[in-house]
Amino acid sequence: MPSRTTGGTGPVAITKTAPQDGTERGDAKSEEAVRGDAVRGEAVPGGGKEDARHLNSPLLLTLLLLTAVMFQDPIRGALAAPVMQSWMTVFVAVIVQALPFLVLGVLLSAAIAVFVPPSFFARALPKHPALAVPVAGAAGAVLPGCECASVPVAGALVRRGVTPAAALAFLLSAPAINPIVLTATAVAFPGDPEMVLARFVASLLVACSMGWLWHRLGRTDWLRPPARASYEGQSKGAAFWGSVRHDVTHAGGFLVVGAMAAATLKAVVPADWLGVAAGHPVLSVLFLAALAVLLSICSEADAFVAASLTQFSLTARLTFLVVGPMIDLKLFAMQAGTFGRAFALRFAPATFALAVAVSALTGTVLL
């Protein structure tokens with residue numbers, strides 16, 4: 001109840017009692033409440049720019065859908081064109097191939113972040129980064145996945161305090177030397193068993209060399225540590241699934257962007273370029289290296305694609321198998337999203353050049 005001053009004719013002094021205080025808080029809504037109303041589409045008094053910003057997105061989506069319905073015949077005709085059918089085939093193939101392994105990598109990443117104590121990595125890896133690099137590179141053989149799985153796992157390793165040089169060596173080696181990939185390579189090249197050994201040796205050399213190169217020349221301001229929401233105070237189960245949702249949303253978006261770019265470039269590359277490139281030893285190596293980047297094929301399936309390119313030499317096809325799991329369009333997009341664009345713009349070209357050189361040299365010696 002309000003309190004009054006003494007004196008019948010004097011002004012009434014109102015103190016802020018609980019009901020009026022609540023009314024005041026209700027009249028002056030908190031910013032969070034205003035945003036909640038805007039997101040739900042409710043009117044926000046004096047909302048102005050805040051209201052317009054939240055209401056524009058559904059409106060634009062509705063207009064886009066209406067436009068698609070109005071022009072469905074021209075859109076259907078454009079999608080029926082051979083080039084668009086090729087684009088959709090490549091896009092869907094890249095997503096379907098990569099998504100299961102991306103989910104596997106996300107699950108492993110969440111398990112590392114939630115269930116594995118940081119002290120484990122301090123005990124498992126040598127303290128000196130130069131020695132930790134080959135150990136982490138060899139450990140890539142135990143991850144049964146492709147490059148889409150290795151990126152979130154490498155991000156989790158960096159978050160858990162593993163030296164970036166070792167985490168990057170693991171990132172590059174895991175998609176290329178794990179048992180599933182090597183088995184697929186042996187099946188794809190039944191008459192050339194040395195291809196399995198050449199792929200293993202060349203990929204491990206590139207992974208360790210890039211780890212040592214980063215340890216020697218890399219700068220901390222080039223590598224943005226992967227962000228992670230805090231799950232302190234939650235149960236391990238809640239923290240695990242929160243981590244999974246975060247990584248699937250984050251990495252999945254970059255996977256889609258990379259798949260779209262790969263499909264676009266695949267649809268416009270003339271098929272007759274293959275015959276011209278295969279006839280030149282050096283050009284054939286460079287051509288298949290570039291093709292591996294553009295096609296963005298999952299490392300679980302790239303051996304069968306390489307085996308079908310019979311017009312190219314074994315060395316050129318080895319380059320295709322070494323470059324693809326280490327740097328392609330979707331992998332570049334995922335690396336940029338996980339570690340930052342400054343990192344990807346430096347790491348990707350260096351990896352590409354080293355992978356081409358090492359695979360060509362290894363092929364010359366072993367094949």
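## A helix and its buried residues

Which residues of helix H10 (residues 179-188) are buried? In this predicted model, the buried residues of that helix are Val 181, Leu 182, Ala 184, Thr 185 and Ala 188. Seen down the axis of H10, these buried residues fall within an arc of 160 degrees, and they therefore line one face of the helix.

The partners of that buried set can also be named: the buried residues of H10 pack against helix H9 (164-177), helix H11 (194-217), H15 and H16.

## Aromatic pairs

The count of aromatic pairs comes to eight. One of them joins Trp 87 and Phe 91, whose ring centres are 5.2 Å apart and whose planes stand at 10 degrees; since planes under 30 degrees apart count as stacked, this pair is stacked. Both residues belong to helix H5 (residues 82-115), where they are four residues apart, about one turn of the helix. Trp 87 counts as buried at 16% relative accessibility, and Phe 91 counts as buried at 17%, because the cut-off for buried is under 20% relative accessible area.

The rings of Phe 287 and Phe 312 have their centres 6.1 Å apart and their planes at 5 degrees, so this pair, too, is stacked. The pair links distant parts of the chain, 25 residues apart: Phe 287 lies in helix H14 (residues 281-295), whereas Phe 312 lies in the loop between helix H15 (302-308) and helix H16 (314-323). Both partners are buried, with a relative accessible area of 17% for Phe 287 and of 2% for Phe 312.

## An aromatic cluster

Ring pairs also link several residues into a cluster, whose members are Trp 214, Trp 222, Phe 339, Phe 343 and Phe 347.

## A nonpolar patch on the surface

Which residues form the nonpolar patch on the surface? Leu 197, Leu 361, Val 365, Leu 366 and Leu 367 form this patch, and together they have about 450 Å² of accessible area. Helix H18 (residues 341-366) provides the largest share of the nonpolar patch, namely three residues.

Leu 367, another member of the patch, has its place in the segment after H18. With a relative accessibility of 31%, Leu 367 counts as partly exposed, because that class covers values between the limits of 20% for buried and 50% for exposed.

Technical notes: Residues numbered from 1 in each chain as written. Predicted model: local features only at pLDDT ≥ 70, side-chain atom pairs only at ≥ 80, totals over all residues. Heavy atoms only, no water. Phe/Tyr/Trp six-rings, centres within 6.5 Å; stacked < 30°, edge-to-face > 60°. Helix = DSSP H or I, 4+ residues; strand = E, 2+ residues; numbered from the N terminus. Buried < 20%, exposed > 50% of the residue type's maximum accessible area, 1.4 Å probe, protein only. Patch = residues over 30% accessible without salt bridge, like charges linked within 9 Å, V, L, I, M, F, W, Y side chains within 5 Å. Areas by Shrake-Rupley, 256 points an atom, 1.4 Å probe, with all protein chains shown as cover. Salt bridge = Lys/Arg side-chain N within 4 Å of Asp/Glu carboxyl O. Arc of directions from axis to C-beta. Contact = heavy atoms within 4.5 Å.
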